[in-house]
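Here are my notes for you to read with the model open beside them. Take them one point at a time and find each residue as you go.

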Amino acid sequence: MLKYAKEAPDFIDKHKLWKGLAHYSWVIKGIVVIAAITGLYTVSFIADLFTGDVSITQNSLMASFSSFSLDGIADFFGGSMKYILLAVVEVIIFHFTRRTMMIVTGRPIDTSWDTFVKAEKRMIAVIFVAFGLEKAFGFGWSIFSGIFGFDSLEPVFMVLIQSFYLGFAIIDNYNELYDMSIKQSHRFTWHYAPVALVVGGMLNLMLYVPFLGVLIGPIVCAVVATLTMHFINNQDNGVAWVFVEKKKTIKKAKRKANGQN
């Protein structure tokens, strides 16, 4: 992963992976607006962090956006801002994942609008799963730490869990190319948890970069995740093992249809 993280910018530039984004021009324009609004929030957050105060001008500027900001929407969903951003930038993750796969495999991959819409719907479903499981793990940890006195480790645990599920949402775009269900995709990603942790951790950090983080973070993480997973799967002889459970279910259904136990 470190190798591909280092090589990703040159890979993106060499193969001009941004080509084709014009097909989603109005979506990209919307993302730029979202990046600007999110950037204003991040600048305010950093100013508070280092100075403990924000200038009157900045407060006034932020106030004008407060009712429209993603942060306000995120509060309604219980602090899920990063997941909301993933849904917004799915077109970027979708495009760069598929362009990267086309280059490393030498095969054409569907990037049509209809396919993107399906991918967007899947991303929304993945986000609900990821956010739900993150909260479930957090609740479980709260009980565990309350019993055994590990409260001080809760922030570390939650960062790791959120990083994994942010990584899972990115890697699912790769897994989708193999027609995995979301359940199979989660199982597959869990098998390679360190990859998801690093990808999600990278994205977590990049989203705090004002303005550019929302755009560059998903691009770099999508390329790094795709290159890494493609390499790992070539080393591990493919993804067939993740479908074993599905095959068993099909066989069981056939036996039931034939009246067998």
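This is a predicted model: local features need pLDDT of at least 70, side-chain atom pairs count only at pLDDT 80 or more; totals for chains, interfaces and linings use all residues.

Which residues of H6 meet which residues of H11?

1. On the H6 side, the residues are Ile92, Ile93, Phe96, Thr97, Thr100, Met101, Val104 and Thr105. They meet Leu215, Pro218, Ile219, Ala222, Val223, Thr226, Leu227 and His230 in H11. The axes of H6 and H11 come within 9 Å and cross at roughly 35 degrees, and H6 passes H11 in a right-handed crossing.

2. Now zoom out. Buried residues make up 43% of the 261 residues in the protein chain. Take the contacts with a separation of 6 or more: 76% of them are between residues 24 or more positions apart.

3. Next, look inside. In soluble globular proteins, nonpolar side chains tend to be buried together. Here the largest nonpolar core has 59 residues, and Tyr83, Leu86, Phe96 and Val223 are the ones that touch the most other members. The elements giving two or more residues to this core are helix H1 (2-15), helix H5 (81-88), helix H6 (90-105), helix H7 (113-148), H8, helix H10 (193-206) and helix H11 (212-235). H11 gives the most, with eleven residues.

4. Stay with Val223 for a moment. Setting aside residues up to four places away in sequence, Val223 touches Ala8, Phe11, Ile12, Leu17, Phe96 and Thr100. Have a look at Pro218 too, which is also found in helix H11. Is Pro218 buried or exposed? Its relative accessibility is 1%, so Pro218 counts as buried. Leaving aside neighbours within four places in sequence, Pro218 is in contact with Val89, Ile92, Ile93, Leu203 and Gly213. The C-alpha atoms of Pro218 and Met206 are separated by 8.6 Å, and these two residues are twelve residues apart along the chain.

5. On to another pair of helices. Two packed helices are described by the angle between their axes and the distance between the axes. For H7 and H8, the axes come within 10 Å and cross at roughly 160 degrees. Angles over 145 degrees count as roughly antiparallel, and H7 and H8 are therefore roughly antiparallel to each other. H7 passes H8 in a right-handed crossing. Among the H7 residues in this contact are Met123, Val126, Leu133 and Phe137, and the H8 residues include Ile161, Gln162, Phe168 and Ala169.

6. Pick out one residue from each side of that contact. Met123 lies in helix H7 and is buried, with a relative accessible area of 2%. Apart from neighbours within four places in sequence, Met123 is in contact with Leu86, Ala87, Glu90, Ile93, Ala169 and Asn173. Met123 and Leu86 are 37 residues apart along the chain, yet their C-alpha atoms are separated by 8.0 Å. Across the way, Gln162 lies in helix H8 (residues 154-176). Gln162 has a relative accessible area of 16% and is buried. Not counting residues up to four places away in sequence, Gln162 touches Lys82, Tyr83, Glu134 and Asn204.

7. The axes of H7 and helix H9 (residues 182-191) come within 11 Å and cross at roughly 55 degrees. That makes H7 oblique to H9. The residues making the contact are Arg122, Ala125, Val126, Val129, Leu133 and Phe137 of H7, together with Ile182, Ser185, His186 and Trp190 of H9. H7 passes H9 in a right-handed crossing.

8. Finally, check two loop residues. Lys16 is in the loop between H1 and helix H2 (25-51), and its phi is near 50 degrees, a positive value in a residue other than glycine. At 37% relative accessibility, Lys16 counts as partly exposed. Asp179 is in the loop between H8 and H9. Asp179 isn't a glycine either, and has a positive phi of about 60 degrees. With 63% relative accessibility, Asp179 counts as exposed.

How values were computed: Residues are numbered from 1 along each chain as its sequence is written. Side-chain values use heavy atoms; hydrogens and water are left out. Helices (H or I, at least four residues) and strands (E, at least two) are DSSP runs, numbered from the N terminus. Buried means under 20% relative accessible area, exposed over 50%, partly exposed in between (1.4 Å probe, protein chains only). Contact means heavy atoms within 4.5 Å. A nonpolar core is a set of buried Ala, Val, Leu, Ile, Met, Phe, Trp, Tyr and Cys residues joined through side-chain atoms within 4.5 Å. Axes are lines fitted to C-alpha atoms, for helices over the stretch in contact, and angles run from 0 to 180 degrees between N-to-C directions. Angles under 35 degrees count as roughly parallel, over 145 as roughly antiparallel, 65 to 115 as roughly perpendicular and the rest as oblique. A crossing is left-handed if the near helix is turned anticlockwise from the far one by less than a right angle, and right-handed if clockwise.
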